[in-house]
Amino acid sequence: MEGRIAQLQEFLKESPHDPFLKYALTMEYVKLGEDAQALAGFEDLLSAHEDYVGTYYHFGKFLESKQEQDRAIEIYEKGMQIAQQKRNFHALGELRNAHLAATGLLDEDE
């Protein structure tokens, strides 16, 4: 994993504003349990690339894993707005289901 992080960091030096590279690096930090770096990555994606839809589902799940249910719900709601605006109905469906599960209105196993 460390090699993958180094590789992504090198790619980011060449393309520092690429949201996919930032997202990929953030997800590597999540996998490694590097919570501070993961949180910083998610926060950067939200501030610099608000319309990068993939951020919202995974950030919400990250927050849920840290028992930050209220913030996760806020993230899902914002992601649903962005997905709707971008007409990304696949992401919208995933975010709706995550939101319903987070609010206790849907069993994720259903």
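This is a predicted model: local features need pLDDT of at least 70, side-chain atom pairs count only at pLDDT 80 or more; totals for chains, interfaces and linings use all residues.
Helix H5 covers residues 69-86. Its 18 residues reach 25 Å from the first C-alpha to the last, close to the 26 Å expected at 1.5 Å a residue. Several of its residues are buried, namely Ala72, Ile73, Ile75, Tyr76, Gly79, Met80, Ile82 and Ala83. The cover over these buried residues includes helix H3 (35-48), helix H4 (54-65) and H6. After H5 comes Arg87, which has a positive phi near 60°.

Two packed helices are described by the angle between their axes and the distance between the axes. For H5 and H6 (residues 89-102), the axes come within 9 Å and cross at roughly 155°. Angles over 145 degrees count as roughly antiparallel, and H5 and H6 are therefore roughly antiparallel to each other. The crossing of H5 with H6 is left-handed. On the H5 side, the contact involves Gln69, Ile73, Tyr76, Glu77, Gly79, Met80, Ala83 and Gln84; on the H6 side, Phe89, Ala91, Leu92, Leu95, Arg96, Ala98, His99 and Ala102 take part. Sorted by class, this contact has 10 nonpolar, four polar and two charged residues.

Attention now turns to Ile5, which lies in helix H1 (residues 2-14). Its relative accessible area is 5%. Because buried means under 20%, Ile5 is buried. Apart from its neighbours within four places in sequence, Ile5 is in contact with Leu25, Glu28, Tyr29 and Leu32. Between Ile5 and Arg87 there are 82 residues of sequence separation, and a C-alpha to C-alpha distance of 32 Å.

Technical notes
Residues are numbered from 1 along each chain as its sequence is written. Side-chain values use heavy atoms; hydrogens and water are left out. Axes are lines fitted to C-alpha atoms, for helices over the stretch in contact, and angles run from 0 to 180 degrees between N-to-C directions. Helices (H or I, at least four residues) and strands (E, at least two) are DSSP runs, numbered from the N terminus. Angles under 35 degrees count as roughly parallel, over 145 as roughly antiparallel, 65 to 115 as roughly perpendicular and the rest as oblique. A crossing is left-handed if the near helix is turned anticlockwise from the far one by less than a right angle, and right-handed if clockwise. Contact means heavy atoms within 4.5 Å. Ala, Val, Leu, Ile, Met, Phe, Trp, Tyr, Cys and Pro count as nonpolar, Asp, Glu, Lys and Arg as charged, and the others, Gly among them, as polar. Buried means under 20% relative accessible area, exposed over 50%, partly exposed in between (1.4 Å probe, protein chains only). The expected span of a helix is 1.5 Å times one less than its number of residues.
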